[in-house]
Amino acid sequence: MKHLIMSGLLLTAFMACHPATDAPAPETNPTITAETNEALSGGVGTSFDATSKAYTFPLVGLSGTLLAQHQAGDAVFEATFVAPPAQINAGLGPLFNNTSCRSCHTNDGRARVPVGDEPFNGLLFRISGPGQDAHGGPLAAPGFGLQVQTRAVFGTVPEMDIRIDYEELAGTFADGEAYSLRKPTYTPKNAYIPLPTDAMLSPRIANPNFGLGLLAAIPDATLTQLTDETDANGDGISGRPNWVWDYEANQRTIGRFGWKASQPTLRQQAAAALEGDVGITTLLFPNESSLGQPQDVPTHGAELSDQALDELTVYLQTLAVPARRTPADKPVLAGKVLFAQAGCTGCHVPKLQTGPSTVPQLANQTIRPYTDLLLHDMGDGLSDGRPDYVATPREWRTAPLWGIGLNRLVSGHTQFLHDGRARSLTEAILWHGGEGEKSRNAFRAMTKTNRTALLAFLGSL
């Protein structure tokens, strides 16, 4: 029997050893406003820190109970869970992908793909069989559930390993400059039981955590207005929301979070990640991911207290967006124009408005996330072969671009897309197909000078 963890005195004791951040308070700039200056990507709560800790700060001006909850949630995020019986942070497994949230989201940033024999820290694989569950979501694969767990506690074994191989695909820009894209192939191996022949695998790299509260505060009506499922305006772009299941509200609703927008709320996103990635159950998802499988354990209810889940949710809700750097530089301004001319803003919508929120820094803010949070057909090249609610294998949620220019500094790499195949922003653009094909072709046709300017613009975000 595992024990309820991370509440009351245990959480307080953990926080005393692990402060919310070891970086100084972010600088603010009171002379500019969210409405008039593009540096404020995340509205009035934007952080002006541009160090390797740029993704880790709370919203500027956060105070009182909300700041205390943010710090308490940071402690949950930082906690390393262990197998029972343990007095603190017990509950790991029996099957899991990592031992903590921060192990995948270092500095609250984007994970990278493993090299050689490195463990899968931040790259996981969804799995399902044909058909849909009772709520229209993916159907669990017999013996494997909805996610492959590549690690296990003593007494159980990992579900499988996965080998990654890459093929280099050569290409050239219109001006003759050569490039190469790497195409991944995933091969299951050492499965603990035979893998169903109709199982569908989808790689997913861990995303950055900042700005999520602002995305949650965008009204559903805004996303509905951005929807153009039949391409009525004839621009070749037909974004649509992913309609998913909200387990707390017990209803179908618009998804916002995850690579396929398959989670509707931050609380559900956090609880699902705890269950699937770490093997930590909550009141929202009280069963282990191994339920009904050969390595199942007795049902025992929540291992993480509801208070701790609330605090973790507030932490994710209140991480600040880093400000843009050099938005007025001439190459950046030129790149901004080229970005729009190439049609990129049809999906990567530059500016949105949030609605009401109990957090002042999230309410009624002008933000610049460069996303519409909608699903778009990205072509066969990026298809994962696996549907997710209404999202087809070729459809992905538009990835927010804010803060992307700091990725190398914060996360130590420049790998992008859902599986980290792109080794640069250039490669990420060149993988765009489907609704993104027109923009990709426009980028390929640009001169070297214009490509450099467009990349400078992205680097400023």
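Strand β6 (residues 161-172) gives the most to the lining of the second largest pocket, putting in 5 residues. Keep in mind that this is a predicted model. The pocket itself has a volume of about 320 Å³, and 14 residues line it. If you want to centre your view there, pick G116, D117, E118, F120 and I162, which lie nearest the middle of the pocket. Sorted by class, the lining comes out as 6 nonpolar, 2 polar and 6 charged residues.

Now move along to strand β2, which covers residues 123-132. Its partner β8 (residues 200-205) runs antiparallel to it, and 6 bridges join the two.

Next, the aromatic rings. The structure holds 12 aromatic pairs. One of them is Y55 with F210, a tilted pair at 4.4 Å centre to centre with 40 degrees between the planes. These two come from distant parts of the chain: Y55 sits in the loop between α1 (8-17) and α2 (64-78), F210 in the loop between β8 and α3 (212-216), and 155 residues separate them. Why does Y55 count as buried? Because its relative accessible area is 1%, which is under the 20% cut-off. F210 counts as buried too, at 4% relative accessibility.

Another pair is F339 with Y370, edge-to-face this time, at 6.1 Å between centres and 75 degrees between planes. F339 lies in helix α7 (residues 330-341) and Y370 in the loop between β12 (366-367) and β13 (375-377), so this contact ties together parts 31 residues apart in sequence. F339 is buried, with a relative accessible area of 4%, and Y370 is buried at 3%.

Going back to Y55 and F210, they form one aromatic cluster together with W402.

Finally, have a look at where charges meet rings. The charged end of K260 sits over the ring of W396, 4.0 Å from the ring's centre. R451 does something of the kind with F173, lying over its face at 3.8 Å from the ring centre.

How values were computed:
Residues are numbered from 1 along each chain as its sequence is written. This is a predicted model: local features need pLDDT of at least 70, side-chain atom pairs count only at pLDDT 80 or more; totals for chains, interfaces and linings use all residues. Side-chain values use heavy atoms; hydrogens and water are left out. Two strands pair if DSSP finds at least two bridges between them. Helices (H or I, at least four residues) and strands (E, at least two) are DSSP runs, numbered from the N terminus. On a 1 Å grid over the protein atoms alone, a cavity is a set of points where a 1.4 Å probe fits but cannot get out, and a pocket is an open set with protein on both sides within 12 Å along at least five of seven lines; lining residues have an atom within 4 Å of a point. Grid points are joined across faces, edges and corners, and a volume is the space filled by probe spheres set on the points. Ala, Val, Leu, Ile, Met, Phe, Trp, Tyr, Cys and Pro count as nonpolar, Asp, Glu, Lys and Arg as charged, and the others, Gly among them, as polar. Rings of Phe, Tyr and Trp (its six-membered ring) pair if their centres lie within 6.5 Å; planes under 30 degrees apart count as stacked, over 60 as edge-to-face and the rest as tilted. Buried means under 20% relative accessible area, exposed over 50%, partly exposed in between (1.4 Å probe, protein chains only). A charge sits over a ring if NZ of Lys or CZ of Arg is within 6 Å of the ring centre and within 35 degrees of the ring normal.
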